[in-house]
Amino acid sequence: MLFTSLIHILSIMLMIDRNKLNEAMSLAEINSYRELAKRAGTYPALISNMLTGRYSPTLRTVGRLCSALGCRPEAIIGYYFDSVDAPR
């Protein structure tokens, strides 16, 4: 109950962090978002939309990306408290 209230107050936004994602891709020897999308079973446009903040990823999508990258979620996720703080 308290957590739900805090979510409404803070308006937390979950996003894929571009710098973290690029670092994870480099470690996994993945050279493009197209290649990452193929390995994760998704579309390059979806990755683009996540990076620009047009789409907030689901846990399933984060899991697929992490499986393709061989990393944990915190390696690619950035947490922002409102859309103003989120990178574009």
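Thr-42 sits in the loop between helix H3 (33–40) and H4. Helices here are DSSP runs of H or I with at least four residues, strands are runs of E with at least two, and both are numbered from the N terminus. Thr-42 has 19% relative accessibility, so it counts as buried. Buried means under 20% relative accessible area, exposed means over 50%, and partly exposed lies in between, with a 1.4 Å probe and protein chains only.

This is a predicted model, in which local features need pLDDT of at least 70 and side-chain atom pairs count only at pLDDT 80 or more, while totals for chains, interfaces and linings use all residues. Residues are numbered from 1 along each chain as its sequence is written, and side-chain values use heavy atoms, with hydrogens and water left out.

Now the whole chain. It has 5 helices and 2 strands. From the N terminus, the order is α-β-α-α-α-α-β. Of its 88 residues, 35% count as buried. Take the contacts with a separation of 6 or more: 63% of them join residues 24 or more positions apart.

Next comes H4, residues 44–52. Its buried residues include Leu-46, Ile-47, Met-50 and Leu-51. These four lie on the same side of H4, because they cover an arc of only 135° around the axis, taken from the directions from the helix axis to the C-beta atoms. An α-helix has 3.6 residues a turn, so residues three or four places apart point the same way. After H4 comes Gly-53, with a positive phi near 85°.

H3 also packs against helix H5 (residues 59–69). The angle is about 105° and the axes are 8 Å apart. Axes are lines fitted to C-alpha atoms, for helices over the stretch in contact, and angles run from 0 to 180 degrees between N-to-C directions. H3 is therefore roughly perpendicular to H5; that label covers 65 to 115 degrees, with under 35 roughly parallel, over 145 roughly antiparallel and the rest oblique. H3 contributes Leu-36, Arg-39 and Ala-40, and H5 contributes Arg-64, Leu-65, Ala-68 and Leu-69.

Last, the cysteines. Cys-66 is buried, because its relative accessibility is 6%. The closest cysteine sulfur to that of Cys-66 is in Cys-71, 3.9 Å away and so too far for a bond. A disulfide needs two cysteine sulfur atoms within 2.5 Å. The count is 0 disulfides.

Technical notes:
Contact means heavy atoms within 4.5 Å.
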